[in-house]
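Visitor: Please walk me through this model slowly, one question at a time.

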Amino acid sequence: MKETTVILAKDNLQGLLRKLGRDKSLVAPVTNQWGDTLYTEITDIDGTELDLSKQPQASLKGFFFPQQEVIQTYDTTAGYEFTPQRHIQPTLFFGVRSCDLHAVLYMDMIFSSPERDDAYFARRQDTTIITLACTTPFANCFCNATGSGPFMEYGYDLQLTDLGDRFLVEAGRQQGEQILQAWGHFFEPATEEDVQLQYQLSLEAGGRFQRKVEVEHACRILASGEVDEQIWQQLSARCADCGGCAYVCPTCTCFNIRDAQQEPSKGERIRSWDACTFSGFTRMAGGHNPINSDHALQRRFLHKLKYDVEKHGKPSCVGCGRCVDICFGHVDITTFIEAVVED
Amino acid sequence: MAGLATAFGSGAMTNSINELEDVDVVIVSGSNTTEAHPQIARRILAAVDRGAKLIVIDPRRTALAQEAHVHLALRPGTDIALLNGMMRIILDEGLADDHFIEMRTENFIALRDQLFKIDLDEIAAITGVDRQLMHTAACLYARAYKSTFCYCLGITQHICGTNNVQTIANMAMLTGNVEKENAGVDPLRGQNNVQGACDMAALPACLPGYQSLADMQIRQKFKQCWGVDVPLTPGRTVLDMTHSGHNGTLRGMFVMGENPILSDPDQTKVQATLEGLDFLAVSDIFLTETAQLAHVVFPAASFAEKSGTVTNSERRVQYMHQVIEPIGECKPDSTIIAELAERMGYEMYYESMAEVMEEIALLIPIYGGMHHDRLRSSWGLQWPCPNRDHPGTPFLHKHYFSGGKGHFTPAQHQEPFEPPGDAFPLTLITGRIYHHYHTGTMTRRCASLNRESDKALLQINPVDATTSAIRNGDLVELTSRRGTIRLWAQISEDIRPGQVYTTFHFSEAPVNLLTTGAADPIAKCPEFKVCAVKVARVES
């Protein structure tokens, strides 16, 4: 069945979001007073200017898997008693880029097996995601090479494509269809011309990438062989061990859990982001580290480009380019891919 | 700071941080830059990637030393000898910049005469640095058009710290590597606002903006603004205070955001002084070891809970925006000071932080054009910035040094205060590591950082480890004439035989129980980088 495709005039966007924001919180890209563009919770749609022209600096990861969250409280007064803390907030995400939605779909998979992660799904359930196709990729983007953009082919509730004065709207999932039905008067039918124009834009977008990153080529090399020792050493020497790559990465989901005592027998169990590039990630109690500092980046790059390919059939890098921006040692995943391909 | 002020008339980084990316040759001395200043190290490495030559002067094989073209692993405390040797080579090779020396400097003859008395073999013996390596480094530095000299606490934390800095200034002037873009002398500041603290005269002997305490006109200016006479006598230096002992000369102290119990040398003396005070007040964001001794503790607001400016290494004044309301009862430092002053009978009322900045701009010429409205939405301004229209100053001393002509002050090698000997055969070097900040009051409370580095390690060469039957990971006892601490051995070739290295981040192993209070006579900066110790394995 061909999905429903309609047109939303740009003038009608604000009105639609006002309606959609009534029974859900609304999150969309906004540039704040310091010039940072972030997915931001919007309480006053009429007093807020959305910024759909820039890539949000952080992905959606933090909304479902916060940097730090209390997942349980504990009480040891009479035996061990744990009380799960769940945070449920029905949310509509608008203006999400395809890389970021691909990352959410990946997280859904990671957090559902082998056991369902209740803390994650409490936040994730009851969310609607409306994406905005990228007609002009940003400077460090390479989602064309990771198969996660610049247009979504599946997984979205609604996907919008900017056609100038109007958006072409495609419904991909039931929740999207429901929006089109419930608020039909905001939309008008799409013509064949609109559909052709969207296709033209997607064709051109593919040619507008400024970076050429040979992800598939690298994955093939990694699948069949070892990486030259020198590459690991050279990259690790320049890694500043800041964890920035893992923190901004929309698919890095490693976490640590610690207990914070608040009273002698009560406290909170806190989950926080971790990074496999940290030496403490694998260092054992006696001080031995099975992965020495020369190979600090090995876990991360091989996980993304080799192990996940073996396990899920595709790399778990979504090509958003955020680690390229954040890495001040210039040893982000694109540097690694280049080194592997050149070698 | 005193050393650079004598030579150039102003004590701060002469270049901007970004200029480091475009140097031809960079010497980094006494700085573990990748760990202590990663954002500066990245620019040095970017320059290396571009083809610049990197010379590292450090007793230890730091991560930056491993990337260096030349690593001069000198014996700790022999910087003057090494640089004098290099300058002699520069003279002998005819690489001195005679024109620069004539146009922009004075007192060169004194330096030249001293350098001609030097015997390079003797220098090699003192420093432990090979003559050929010294030659290579000297020629690289002197031949390049854009050479920069970065240094940090490995230069200043010696009894001859001021002379060390003057010698660096001598070498820069000798080769004409100052007063231009991408070339200069760059002290790397240790904290986000230590430059600002100095600028505001958190120093004993001057008024804010390095203005003379003795100048009548300047005194009058401050009197008019503050309504009180500024004392004529200089204040006391930190060590002079915290080492004054229980002798009654110092009766009360107010310590803000500092933890001298762990950060000052010779802990026993510091503790005796603080415990002997009639009154100690401490203002900090956590209950530090020093705060635990206080009669009154003020909970201070953290950086995120207040607005104001900080001034960094490259003299850049940056505005910090408040993002959250102060938590609990804590208050910004400025409020704590103002309320205290008011209760002491001196009203300090300001409408806003912007009004405080306005007063700074009025009283301090180098801050004359720094106003919050200009700083709030920009990346900041670099002093000197004398008026509202001034764009700030990326590199210092264009056309002339601020003190007139650059002044050569020859210096001679001076042995460290406490050389190793029979009873204490090893030299202890102290420093910092990447994951922790100073005495760990903040970073040790962060689970991830503390996991990365959770205990004090003693870096020791395999030769010394074997002598003392120490294995990697053993608990060892480190003893100096002043005390003993326990920490874990980390055997490494990155430290030379006869030297050991550790940090001062861990209250469980307070290394400043061991260090000496000996200090540079001018800057009063203590010799944290050299003291004599012995090490023994703790039998389990």
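Guide: B:Asp278 counts as partly exposed, at 47% relative accessibility, where buried means under 20% relative accessible area, exposed over 50% and partly exposed in between (1.4 Å probe, protein chains only). This is a predicted model, in which local features need pLDDT of at least 70, side-chain atom pairs count only at pLDDT 80 or more, and totals for chains, interfaces and linings use all residues. Residues are numbered from 1 along each chain as its sequence is written, chains are lettered from A and ligands numbered from 1 in the order in which they are written, and side-chain values use heavy atoms, leaving out hydrogens and water.

Visitor: With which residue does B:Asp278 form a salt bridge?

Guide: A salt bridge is a side-chain nitrogen of Lys or Arg within 4 Å of a carboxyl oxygen of Asp or Glu. The closest N and O atoms of the pair are 2.7 Å apart, and the partner of B:Asp278 is B:Arg251.

Visitor: Is B:Arg251 buried or exposed?

Guide: The relative accessibility of B:Arg251 is 56%. Because exposed means over 50%, B:Arg251 counts as exposed.

Visitor: Are A:Glu69 and A:Arg271 buried or exposed?

Guide: The side chains of A:Glu69 and A:Arg271 meet in a salt bridge, at 3.3 Å from N to O. As for their accessibility, A:Glu69 and A:Arg271 are both buried.

Visitor: Which residues does the network of salt bridges that share partners join?

Guide: Over all chains, the count comes to 37 salt bridges. Those that share partners join into one network A:Glu69, A:Asp117, A:Arg123 and A:Arg271.
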